[in-house]
Amino acid sequence: MAMASLARRKAYLLTRNISNSPTDALRISLSLTRRFSSPGSDENDVVIIGGGPGGYVAAIKAAQLGLKTTCIEKRGALGGTCLNVGCIPSKALLHSSHMYHEAKHVFANHGVKVSSVEVDLPAMLAQKDTAVKNLTRGIEGLFKKNKVNYVKGYGKFLSPSEVSVDTIDGGNTVVKGKHIIVATGSDVKSLPGITIDEKKIVSSTGALSLTEIPKKLIVIGAGYIGLEMGSVWGRLGSEVTVVEFASDIVPSMDGEIRKQFQRSLEKQKMKFMLKTKVVGVDSSGDGVKLIVEPAEGGDQTTLEADVVLVSAGRTPFTSGLDLEKIGVETDKGGRILVNERFSTNVSGVYAIGDVIPGPMLAHKAEEDGFACVEFIAGKHGHVDYDKVPGVVYTYPEVASVGKTEEQLKKEGVSYNVGKFPFMANSRAKAIDTAEGMVKILADKETDKILGVHIMSPNAGELIHEAVLAINYDASSEDIARVCHAHPTMSEAIKEAAMATYDKPIHM
């Protein structure tokens, strides 16, 4: 099986090769010369509306491919929601709050005695803000290095080749481009009857900047963001209750892993009210009163909290772009419809990231941006949304790629399952972080890996061995026959792979 998999990889790589013949090189060179603007032209080859993970990556890649490029960003700070009020600041607080929790509850187990541990919330928030500022400035530096023109302002379409920008300094300018990419990301999904004031009723943005640790925090929504932010404030001392309309937390997660994950969060004193609907909210007093009832109907209950976090998902952000003015088609959810080359129905207009169908993840948006400009430059871009990893950055983390067991059953696919608990992993036991497991799903006939699910500390780092394996159609035996350093957490992946096609050694 291992040799067969190697042959498949070689064949795959051969199909990816692009001809280097002089004829092809001349053809591509002439094509680009005819197609793109000269350096002195006022018209850009590529204009990107939005400077988030998808937009800024697209801008840098386009410039690296020799295209005259302008990126328009309304915040006046690059990095989008992810860097400014999402992925990066939340991970900073997750790490800081975890350090506090470890110092207070775990250090003594390792012989480290601390007389007193206190939270300095302003200092914690300042560290988060410093990380964001440094990374934002870093992207601006990359723009300068790659000669990307950066316009700070709110852009909207005048035509398929013109964008009017109301600049943040109060002016207006028109940016012209042969190819315009919409990369405006997403916004918080609101709930009927609930007004977010970012003080007592907050979105994920407000939850990153609370000036006091709430005694009671209610999180509406048991998805990635809600559980992560609930974990932050729970570690710092909040009593956290998660209200979820569905019957499970993180519905997209593999069922077996999900159940273990919920038990782990419950051990951390996070409470869950599943199959529960929010029907009313009252924030007129000092705190917030949330009225809930069973999702299928029934008696109402009133929950009280100091702060309510609304984390019911995200929605594409296309407001004010005037897409309808140029005839760009969207679906019922407001997502821009594109083909496999990220082209909309309007010639010269493209879209990537959260504004199009697919996972609403920063790294997916980056891959979209990379592939989109490759297509524009006459190259070959590719993103397979079935092979995009997902990570919940709680403690332990949960990371996955590929199919869940429930999906395979629904699709009628015959499969083998291999599991390995971190309780049997020597590194995990040595450092006293042995909660969780690795689960591998492989095709029963061919042994091709179909899905990998990991619950453990640093699962978000461990998952990439599986991502690489799935992208190159590896078998579980391929992973099992790769030498893994000892002692490491990654040995659990090797053991789970052995359990998938044969038997593990250490269990």
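Reply: Happy to! This is a predicted model, where local features need pLDDT of at least 70 and side-chain atom pairs count only at pLDDT 80 or more, while totals for chains, interfaces and linings use all residues. Residues are numbered from 1 along each chain as its sequence is written, and side-chain values use heavy atoms, leaving out hydrogens and water.

Me: What makes residues 53-64 a helix, α3?

Reply: Helices are DSSP runs of H or I with at least four residues, and strands are runs of E with at least two, numbered from the N terminus. Helix α3 has 12 residues. From first C-alpha to last, α3 reaches 16 Å, close to the 16 Å expected (1.5 Å times one less than its number of residues).

Me: Why is α3 called largely enclosed?

Reply: Buried means under 20% relative accessible area, exposed over 50%, and partly exposed in between, with a 1.4 Å probe and protein chains only. In α3, 11 of the 12 residues are buried, so the rest of the structure largely encloses this helix. Among them are Y56, V57 and I60. The cover over these buried residues includes β1 (44-49), β2 (69-73) and α6 (121-146), where contact means heavy atoms within 4.5 Å.

Me: How do you know that β8 and β9 pair?

Reply: Two strands pair if DSSP finds at least two bridges between them. Strands β8 (residues 216-220) and β9 (residues 239-243) have five bridges, in the parallel sense.

Me: What makes β7 and β10 edge strands?

Reply: The open sheet runs β7-β14-β8-β9-β10. Both β7 (201-202) and β10 (271-273) pair on one side only.
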